[in-house]
Amino acid sequence: MASIDAAPIDLNHLGHYVHWGVIQISWANLIVILLMVALFVAALLLPFPKGRDDERGE
């Protein structure tokens, strides 16, 4: 039986980094940043759901 406090992935290795000029960022952080940007753009472009209209034509 696996221990409850064990990580689902092995974290005992060096991280992988992206080098782009003077910018150095880990892949994990880059993926998180890209997901946040995608979520922000989706929040700007997707319409808000509308509630029920209380006007029933009466």
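**Close-up views of a predicted model**

**View 1. Tyr17 and its partner across the strands.** In β2, Ser26 is the bridge partner of Tyr17. The coordinates belong to a predicted model. Ser26 itself sits in strand β2. With a relative accessibility of 14%, Ser26 is classed as buried, because the cut-off for buried is under 20% relative accessible area. Once neighbours within four places in sequence are set aside, Ser26 is in contact with His16 and Tyr17.

View 2. Strand β1 covers residues 17–20 and strand β2 covers residues 23–26. The two strands pair in the antiparallel sense, over 4 bridges. Opposite His19 stands Gln24 of β2. The hairpin formed by β1 and β2 has 2 residues between the strands. In its turn, Gly21 has a positive phi of about 65°.

View 3. Ala28 belongs to helix α1. The relative accessible area of Ala28 is 53%, so this residue is exposed; the threshold for that class is over 50%. His16 is 12 residues from Ala28 in sequence, and the C-alpha to C-alpha distance between the two is 8.2 Å.

**View 4. A nonpolar patch on the surface.** Val32, Ile33, Met36, Val37, Phe40, Val41, Leu44 and Leu45 make up this patch. Together these residues have about 800 Å² of accessible area. Val32, one of the patch members, is found in helix α1, which runs over residues 27–45. Val32 has a relative accessible area of 45% and is therefore partly exposed, as this class lies between the buried limit of 20% and the exposed limit of 50%.

View 5. An unreviewed UniProt entry lists residues 27–48 as "transmembrane region". In the model, the chain over residues 27–48 is 86% helix and 0% strand. Helix α1 is assigned to residues 27–45.

**View 6. The whole chain, for orientation.** The secondary structure of the protein consists of 1 helix and 2 strands. Read from the N terminus, the order of elements is β-β-α. Of the 58 residues in the protein, 2% are buried. Ser26, shown in View 1, counts as buried. The protein exposes about 6,400 Å², and 66% of that area is supplied by carbon and sulfur atoms.

How values were computed:
Residues are numbered from 1 along each chain as its sequence is written. This is a predicted model: local features need pLDDT of at least 70, side-chain atom pairs count only at pLDDT 80 or more; totals for chains, interfaces and linings use all residues. Side-chain values use heavy atoms; hydrogens and water are left out. Patches are made of residues with over 30% relative accessible area and no salt bridge: like charges are joined within 9 Å, nonpolar side chains (Val, Leu, Ile, Met, Phe, Trp, Tyr) within 5 Å. Accessible areas come from the Shrake-Rupley method with a 1.4 Å probe; for residues, only the protein chains shown count as cover. A salt bridge is a side-chain nitrogen of Lys or Arg within 4 Å of a carboxyl oxygen of Asp or Glu. Buried means under 20% relative accessible area, exposed over 50%, partly exposed in between (1.4 Å probe, protein chains only). Two strands pair if DSSP finds at least two bridges between them. UniProt positions are given in the numbering used here, feature names are shortened, and annotations may be inferred rather than shown by experiment. Contact means heavy atoms within 4.5 Å.
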